[in-house]
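Reader: I am new to this one. Please walk me through it, feature by feature.

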Amino acid sequence: MKKILSDLWQIAKKDLLEFRRDRIRLVTFIIMPIFMMILTGFIFPSQNSIKNISIGIANQDNQTVSNQLQTTIENLAPANNQKAFKAKTYSDLGAIKNGIKNQEVNGGLVIPSDFSAKLNTNQQAEVIIVEDQSNPQISALATQTLSQVVNAFSQQVGMQKVNQILTTRVQVQGASAQSFIQPIITKLEGLIPGETNYFEFVAPGIMAMVVMTAVLTGLAASVAREKEQGTLDGIMIAPISRLSIILGKATSQSIRGLIQGIIVMLLAIFLFGVTIHGNIFLVFLLLVLGIFSFVGLGILVSAAVTEQETATQLLFMFQFPMLFLSGVFFPIQQMPSIMQKIAYLLPLTYAIQALRKVMILGAGIMAVRTELIILLVFGAVTLIIAVPLFRRMVTR
Amino acid sequence: MNKEENVIEVKNLTKNFGKFCAVCEVNFSVKKGEILGLLGPNGAGKSTIIRILTTLTRPTKGRAKVANLDIEKKSDEVRKHIGLVAEKIILYNHLTADENLQFFGHLNGLSSETIKERSDRWLKRLSMEEWRDHQSGTYSTGMKQRINIARALLTEPEILFLDEPTLGLDPQTTWLIRDFIRELNKKGTAMILTTHDMHEAEILSDRVAIVDHGKIVALDTVENLKKLVPNIENPTLEDVFLELTGKDIRDTAKKSAPVERRGHFGGPTNNRVR
């Protein structure tokens, strides 16, 4: 056993030294997770944020109340002091529609000329929200935000009116205008303080994915490279156990995978403000087990292929669907039931699920024990199959 | 082990890749301190024989003993007695000569001190001392091959397998390596040497086996092999080789086609193994 461990370490050490000297591989190794995080971070920003959407406003009323509504919309800044809308003034509904056609704006709001008059005469006033049907996502975001602003403004106006009635006409003890305008309100209660964004959802997924790629592709490519170059023969001809050869290579790939996982985690924390609510050691344990669950698969592919290119192609075939099925980017619950069943056959699904529980919800080891056991069993079973197969297949 | 004792014994050794027979019922032996040259056209099965004897490939049928150990049952033990200079150079380009030697030495169970002492000796003998701290990727083919040989000799093996050790090397390096092979042989190292260089086979080998289509078609001393072509005056080993294996190009010919061998000079070949 001691001999196996010492030979294993010699091979892992050699692999890491070789890797450290290969500048191109080293640079790619560091840049890849950074690239991945930055891209994901910027492509999928926090879903609550709305920034600089161009809208057209046609204020045909131009009275105190309507001007107040226009200013509220123009100055709306939900996040980081960045304005939600870039407002442009138009004369009427037709002009806004033309503006949308000409792609000057992504939506609009018309305040009709009788707006203030109707409010003043205690009638229901109306505003028109114009949507750009050619761009459903932006349109939905703009429409939703505009509706919320108008509703809030409408409540304000309503409260003023009810307050007037309450103070001048009705004497009800302790009554507030709010209890008439909005008798029921909802309060959101999460497991952790503050709001989570999409990035907090996606960061654990990317961590698990990067680690998995490093082990699966890295191991197969590394063994295939040694086969191609002929250096594997030099190792195979040494009087050492085949187990130490393959586990040595797996160890160096796992160390690389863990380093990449840590890079992703640090970027998530420092660049994208992700907070890890759970125990950091549990996060590492999950990453290590995630790696363990993939080592067997990596060994199987290493044994089967003789060329790096074949290894990469074969693994891409596995990895690509796994990225989408394991819930890295989208929640599994949104998938059709057959896809969900497939997802639950993949170890990456459990690694991501457990990492999310620990990182976002601050779960402890007991809450992720099922995932831990599944990863452990999956890794052990694939290793038990893979190692003897590797022994046989490399001496075909 | 006395000088007459066989260090390699091969009986009916066969290796099939699917329906293709790469090595077909091969029999031969190598004595302690003997150099056996394996000559054959490309794809004849020479490298496969070496891969089987070095435990890198499993035979389909037959038996072989290396250092009196069964290559299948005692493969781990066999590996303690052999060294391999394969067709492809076994060195890591991003590691220096010293790092390469330390790595392979440790895998072979040697201590750092022993590796250092042996590396010093071999690198000096192969004129590579000054380059020991340079990464192997910066070496010429000849330099790489010299380090490759030093690597194979770290364990001071009693049996050395050399698969085309001077292929693509300049005359100076070729001379140095051949001289070194002779020197090792004098100290008692048995060797199996494959080469396409007839001169090399002639000057280094005690006996030569001519391999074709996975079979040994002749095995004897160079002098005796030359007697197989009585119709040529003062024949060279190349004459013998072409007489026994013919002039057909091998590695692009259909492998499944039945081969009727005609001698280089018109007559049928005599397959002789002594």
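Author: Start with charges. This is a predicted model. Salt bridges can join up into a network: here Lys14(A), Asp15(A), Glu18(A), Glu226(A) and Lys249(A) are linked in that way.

Reader: How many salt bridges does the structure hold over all chains?

Author: There are 30. Take Arg207(B) and Glu34(B), whose side chains meet at 2.5 Å, N to O. Arg207(B) lies in strand S9 (residues 207–212) of chain B, and Glu34(B) in the loop between strand S2 (20–31) and strand S3 (35–39), so the pair ties together parts that are 173 residues apart in sequence.

Reader: Are Arg207(B) and Glu34(B) buried or exposed?

Author: Both are buried. Compare Arg125(B), which forms a salt bridge with Asp179(B), with the closest N and O atoms 3.2 Å apart. Arg125(B) belongs to helix H4 of chain B and Asp179(B) to helix H6, so parts 54 residues apart in sequence are tied together.

Reader: Which residue forms a salt bridge with Glu202(B)?

Author: Lys226(B) does, with the closest N and O atoms 2.6 Å apart. This pair links distant parts of the chain, 24 residues apart: Glu202(B) is in helix H7 (residues 198–204) of chain B, Lys226(B) in helix H8 (residues 222–226). Glu202(B) is partly exposed at 29%. Lys226(B) is buried, at 18%.

Reader: Now the interface. How is its size given?

Author: Often as the accessible area lost when the parts come together. Chain A and chain B bury about 2600 Å² between them, 57% of it on carbon and sulfur atoms. In chain A, Arg21(A), Ile237(A) and Pro239(A) lose the most area to chain B, together 26% of what that side buries. The contact takes 29 residues from chain A and 27 residues from chain B.

Reader: How many salt bridges cross the interface of chain A and chain B?

Author: Two. Arg51(B) also pairs with Asp233(A), with the closest N and O atoms 2.7 Å apart.

Reader: What about aromatic rings?

Author: Look at two things, the distance between centres and the angle between planes. The structure holds nine aromatic pairs over all chains. In one of them, the rings of Tyr92(B) and Phe104(B) have centres 5.8 Å apart and planes at 15°, so the pair is stacked. Tyr92(B) lies in the loop between strand S6 (82–85) and helix H3 (97–107) of chain B, and Phe104(B) in helix H3, so the pair ties together parts twelve residues apart in sequence. Tyr92(B) is buried, at 0%, and Phe104(B) is buried, at 2%.

Reader: How do Trp122(B) and Phe180(B) pair?

Author: Edge-to-face, 5.5 Å centre to centre, with 70° between the planes. Trp122(B) is in helix H4 (residues 112–125) of chain B and Phe180(B) in helix H6 (residues 171–186), 58 residues apart. Both are buried.

Reader: Which charged end sits over the ring of Phe19(A)?

Author: That of Arg256(A), 3.8 Å from the ring centre. In chain B, Arg151(B) lies over the face of Phe104(B), at 5.5 Å from the ring centre.

Reader: Last, the nonpolar core. Which residues touch the most other members of the largest one?

Author: Ile8(B), Phe28(B), Leu53(B) and Ile192(B), out of 115 residues. Helix H8 (residues 198–229) of chain A gives the most to this core, with 18 residues. A second, separate core of 30 residues includes Ile35(B), Leu101(B), Ala152(B) and Leu204(B).

Note on methods:
Residues numbered from 1 in each chain as written. Chains lettered and ligands numbered in written order. Predicted model: local features only at pLDDT ≥ 70, side-chain atom pairs only at ≥ 80, totals over all residues. Heavy atoms only, no water. Phe/Tyr/Trp six-rings, centres within 6.5 Å; stacked < 30°, edge-to-face > 60°. Helix = DSSP H or I, 4+ residues; strand = E, 2+ residues; numbered from the N terminus. Buried < 20%, exposed > 50% of the residue type's maximum accessible area, 1.4 Å probe, protein only. Lys NZ or Arg CZ within 6 Å of the ring centre and 35° of its normal. Core = buried A, V, L, I, M, F, W, Y, C linked by side-chain atoms within 4.5 Å. Contact = heavy atoms within 4.5 Å. Buried area = accessible area lost by both parts, 1.4 Å probe. Salt bridge = Lys/Arg side-chain N within 4 Å of Asp/Glu carboxyl O.
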